[in-house]
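Here is a short briefing on ring contacts and strand pairing. Look over the sequence and the structure before reading on.

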Amino acid sequence: MGSISPELESVLSVLGGVVIVCDKTASVIRASPGAAHLRLIRRGRIAFDEIAECAADSQVAGKPVIRAVTVRRPPLRKGWLDLRVRAVPLEGALSLLLIDDLTEENRVAAVRRDFIANVSHELKTPVGAVSLLAEALEAATDDPEAVRHFAKQLQTEAGRLSQLISDVLDLSRVQGDDPMSHAYDLSVDALVAGAVSYVTAAADAKGIAIVVGGDHDAHVFGDESQLLAALRNVLANAVAYSDTSTRVAVAVRVGESIVDIDVKDQGIGIPEPELDRIFERFYRVDMARSRATGGTGLGLSIVRNVCRNHGGDVKVWSVANEGSTFTIQLPRYNGQDPADDHDLAPAMAVPSDQKELT
Ligand code: ADP
């Protein structure tokens, strides 16, 4: 590596982020570890012409150049890296490059934009139905039977709207929230009992038996309302997507560091090609069936976010027309302070790139 002045050396030592000093042939004189991490340097030179050009242009202009640059992400060159490059000309035909990786920030912004577009789209259907039903009601004032019919349908659509709004609120809460800010030692038995009691009425109405078994006395550390919501969603789906007089089994398995909660149904199952997609927001295998059961397509997305925020995950096994098993996996809590134990600390256990905002 070439030499630079002691003054520049001391400036570089206090600069954070990704920093590269290069000469006019794009050979790298100094680079921070972040530059290697992003693989912006190859064989001692700047790996991307677009970045080298920023340096060259700032030399020619004799003043800083700021540019947004998007390059294929090395080494596979499949995804993209969104970078903000600030190039500053230095003495001796050297250039200082300060590079910000905006990929994650842009991805999150895109996910938010999509989410807002999706929510608006999903709201349109029930709102449109409410408005049509109001018109029908007005036209049917002389026919009490028709009035009752439309009023009932209005109630259904209003219920759907309120479910959608509450799911959207739940999802945005679990996406933005750190569950450890209100986390407690929770009994898995109590969580299961709470979730089961929530779906008992719906199960009874369909003659579905809910059987709870497996290990007892396990504990997890987390946000009670979030974990209850996750379990409830999985159980409610097991009931909603099962025929009458079937069985839903809940089984807790306590491993050394993980607690598995299996929810197994004998329902309609999920075709193999759809299995990857059911955790996406608003994704439904069968839109008509989901609407008929009052589904919003957000339930499993909430479940996955909650599990991952708690350092766990959710898995599914399913065969169409036979049934499905959803497994909620959570780190087991054994009384230690979770901050002392990386396996139990959600923020540590889940690499940030796995915290999908789906
Ligand atoms: P929804 O509100 O539509 O139930 P979810 O996000 O909870 O949305 O589930 C997404 C989709 O996955 C559902 O629409 C349904 O097609 C499918 N699904 C979820 N759970 C089950 C299950 N236990 N059996 C069969 N299909 C299921």
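**Rings and strands in brief**

Arg232 sits over the face of Tyr198, 4.6 Å from the ring centre. The model is predicted. The count of aromatic pairs comes to three.

**Phe221 and Tyr333**

- The ring centres of Phe221 and Tyr333 are 4.9 Å apart and their planes stand at 45°, so the pair is tilted.
- Phe221 belongs to strand E10 (residues 219-222), while Tyr333 lies in the loop between strand E14 (323-331) and helix H10 (346-349), so the pair ties together parts 112 residues apart in sequence.
- Phe221 has 21% relative accessibility and counts as partly exposed.
- Tyr333 has 12% and counts as buried.

**Phe279 and Phe326**

- Phe279 and Phe326 form an edge-to-face aromatic pair, with 6.4 Å centre to centre and 75° between the planes.
- This pair links distant parts of the chain, 47 residues apart.
- Phe279 is in the loop between strand E12 (258-264) and helix H8 (287-292), and Phe326 is in strand E14.
- Both Phe279 and Phe326 are buried.

**An open sheet**

- Five strands make up an open sheet with antiparallel pairing, in the order E2-E1-E7-E6-E5.
- Strand E2 (28-31) and strand E5 (65-72) are at the edges with a single partner strand each, so one side of each has no neighbour in the sheet.
- On average, neighbouring strands of this sheet are turned by 25° against each other, direction ignored.
- Seven bridges join strand E6 (residues 80-89) and strand E7 (residues 95-101) in the antiparallel sense.
- Arg86 has Leu98 in E7 as its bridge partner.

Key:
Residues are numbered from 1 along each chain as its sequence is written. This is a predicted model: local features need pLDDT of at least 70, side-chain atom pairs count only at pLDDT 80 or more; totals for chains, interfaces and linings use all residues. Side-chain values use heavy atoms; hydrogens and water are left out. Rings of Phe, Tyr and Trp (its six-membered ring) pair if their centres lie within 6.5 Å; planes under 30 degrees apart count as stacked, over 60 as edge-to-face and the rest as tilted. Helices (H or I, at least four residues) and strands (E, at least two) are DSSP runs, numbered from the N terminus. Buried means under 20% relative accessible area, exposed over 50%, partly exposed in between (1.4 Å probe, protein chains only). A charge sits over a ring if NZ of Lys or CZ of Arg is within 6 Å of the ring centre and within 35 degrees of the ring normal. Two strands pair if DSSP finds at least two bridges between them. Axes are lines fitted to C-alpha atoms, for helices over the stretch in contact, and angles run from 0 to 180 degrees between N-to-C directions.
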